[in-house]
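Hi,

Here is the structure I said I would pass on. Have a look at it, and then read on for what turned up.

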Amino acid sequence: MEWKKFPKDFIWGVATSAYQIEGAYNEDDRGETIWDRYCSIPGNVLHMDNGNIACDHYHRYKDDIQLMKNMGIKAYRFSVAWSRIFPKGKGKVNQKGLDFYVELVDGLLKAGIEPVITLYHWDLPQALQDIGGWSNPDLPVYFLEYAKVLFEILGGKVKKWITLNEPYCAAFLGNYEGRQAPGNHDFSLALRCAYYMYVGHGMVVDYFKSSGLEGEIGIALNLMGRLPYSSKKKDVYAAKIADGYLNRWFLDPLVYGKYPQDMVTLYESNGVIMPEFDEEHLRLMSLEVDFIGLNYYNDFWVKSSKSRWPLGFVIENPPNLPVNDRGWPVTEQGFKDMLLRLKNEYNIRKIYITENGTSFPDVVTKKGTVEDGNRKDYMQRHISMMQEAIEDGAPVKGYFYWSLYDNFEWSFGYTSRFGIVFVDFESQKRIIKQSGHWYSDVIKNNAVKEETEHE
Ligand code: FCB
């Protein structure tokens, strides 16, 4: 094995989100979120799991910081729960909620770990959902008010801000497919939610830039390849639509200030009600961000299918691919392709990998270890591919593994483990997995080990 170095100053981190790890759902005046509500409805989440306790991070954050420090982690991406700051989404600030994040940030800085904050990682205050959620044109204003509170208290200390996490999932999985909170099934509604999320994003970027705050602001998008199942014309077209649905619908307004016309035409001709496409909104959406956060897990293959209005495609992967326990294929080449696409097609000048990871049914051995060679292999493949992309000019400046911990994995509850640290949810014991030790080595050496011919 040979160590292949990364650029100096490359940032090595891990990522989590509030609802998935904090627990303490009813403490210190935290308000109800759409995920609390969604989890309480039978059939939504496996085993009716919820984030009430999760990794109990709200109480254990000091130990969690120490663990990250011991692992050599340099940066920590986490999200703030809007409902801890404004229990009802707006109105009066809840000081106790704010104090938690101030202490967390101070603790991280003291430990030499850079805090990276996501403002919105899907846990909308339920009170805002009750007035229409993200489909309500007032939401962007409330989002800005919430962001301002955090900028005021943590600005200067926190130098990297992410407005939204995966607006595609929040809008479409939450409001069209119903697989996530708030659990709606309405395509037009999902489009409208995605639109106002972007208006909110733009307003926050605008404020951040004009306030002269030190640091960078960006957005985390889940962008992944959508490949045609066959070379048949209709599958090639289906893949283009799938790419428009997942990738271009979010990249184009951000970069070009307009939505992809082929998708607009497709949606309109299917009777979907379009958002207002107001010029000032489009201007805000396309304000230049300092970086794009790429959440990359895997590519999927796409087949034409009339069964799925209004999109006309289904996901179907070729047989015999290596997959994780969610059925996601391992497609590291797609990671490189997406990075180069962001650079070459969209001219993106700075990228952080804000999520990349995989889920396996890990178990604790008799020796008390967790031997997740499969996850280590996934990480090695992706980190090496990222390195190749950097060599080919992709401006990647940091990598955040998803996730530090096994945690509440949305509608899969606690059954899907993504951590490099195992969590026993009964005892809350944390065990660094084999992949976690391997990652510590990568960080320490600022390099990934390459397989060589002499081995
Ligand atoms: C992403 C989410 C993150 C986590 C991973 C596995 O879509 O941003 O919260 O659930 O998937």
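Before the helix comes up, one bit of background: the expected span of a helix is 1.5 Å times one less than its number of residues. Keep in mind too that this is a predicted model.

Now to helix α9, which covers residues 187-211. Is α9 enclosed or open? Of its 25 residues, 18 are buried, so α9 is largely enclosed by the rest of the structure. At the start of α9, Asp186 has a side-chain oxygen that comes within 3.1 Å of the backbone nitrogen of Ser188. After the helix comes Gly212, with a positive phi near 70°.

Next, the strands. β11 (residues 351-355) is mostly covered, with 5 of its 5 residues buried. It pairs with β8 (residues 291-295) in the parallel sense, over 4 bridges, and with β12, again in the parallel sense, over 3 bridges.

On to the charged pairs. Side chains of opposite charge can pair when their charged atoms come close. In this structure there are 35 salt bridges, and three of them are worth a look.

- Asp406 and Lys433 form a salt bridge through their side chains, at 2.7 Å from N to O. Asp406 sits in the loop between β12 (396-402) and β13 (421-424), and Lys433 in the loop between β14 (429-432) and α15 (434-445), so the pair ties together parts that are 27 residues apart in sequence. Asp406 and Lys433 are both buried.
- Glu32 and Arg37 have side chains that meet in a salt bridge of 2.8 Å, N to O. Glu32 is partly exposed, at 34% relative accessible area, and Arg37 is partly exposed too, at 35%.
- Asp441 and Lys444 make a salt bridge of 3.9 Å, N to O. They are 3 residues apart in helix α15, so about one helical turn separates them. Asp441 counts as partly exposed, with 28% relative accessibility, whereas Lys444 is exposed at 66%.

There is also a network: Lys240, Asp243, Arg248, Asp262, Arg341 and Glu345 are joined into one by salt bridges that share partners.

Finally, the ligand. Which residues surround it? They are Gln20, His121, Trp122, Asn165, Glu166, Tyr297, Glu355, Trp402, Glu409, Trp410 and Phe418. Asn165 has a polar side-chain atom 2.9 Å from an oxygen atom of the ligand. For Glu166, an N or O atom of the side chain is 2.5 Å from a ligand oxygen. For Glu409, the corresponding distance from a side-chain N or O atom to an oxygen atom of the ligand is 2.7 Å.

Cheers

Key. Residues are numbered from 1 along each chain as its sequence is written. This is a predicted model: local features need pLDDT of at least 70, side-chain atom pairs count only at pLDDT 80 or more; totals for chains, interfaces and linings use all residues. Side-chain values use heavy atoms; hydrogens and water are left out. A salt bridge is a side-chain nitrogen of Lys or Arg within 4 Å of a carboxyl oxygen of Asp or Glu. Buried means under 20% relative accessible area, exposed over 50%, partly exposed in between (1.4 Å probe, protein chains only). Helices (H or I, at least four residues) and strands (E, at least two) are DSSP runs, numbered from the N terminus. A polar contact is a pair of N or O atoms within 3.5 Å; within protein, one must be able to donate a hydrogen and the other to accept it, and residues adjacent in sequence count only if both atoms are side-chain atoms. Two strands pair if DSSP finds at least two bridges between them. A residue is near a molecule or strand if one of its heavy atoms lies within 4 Å of it.
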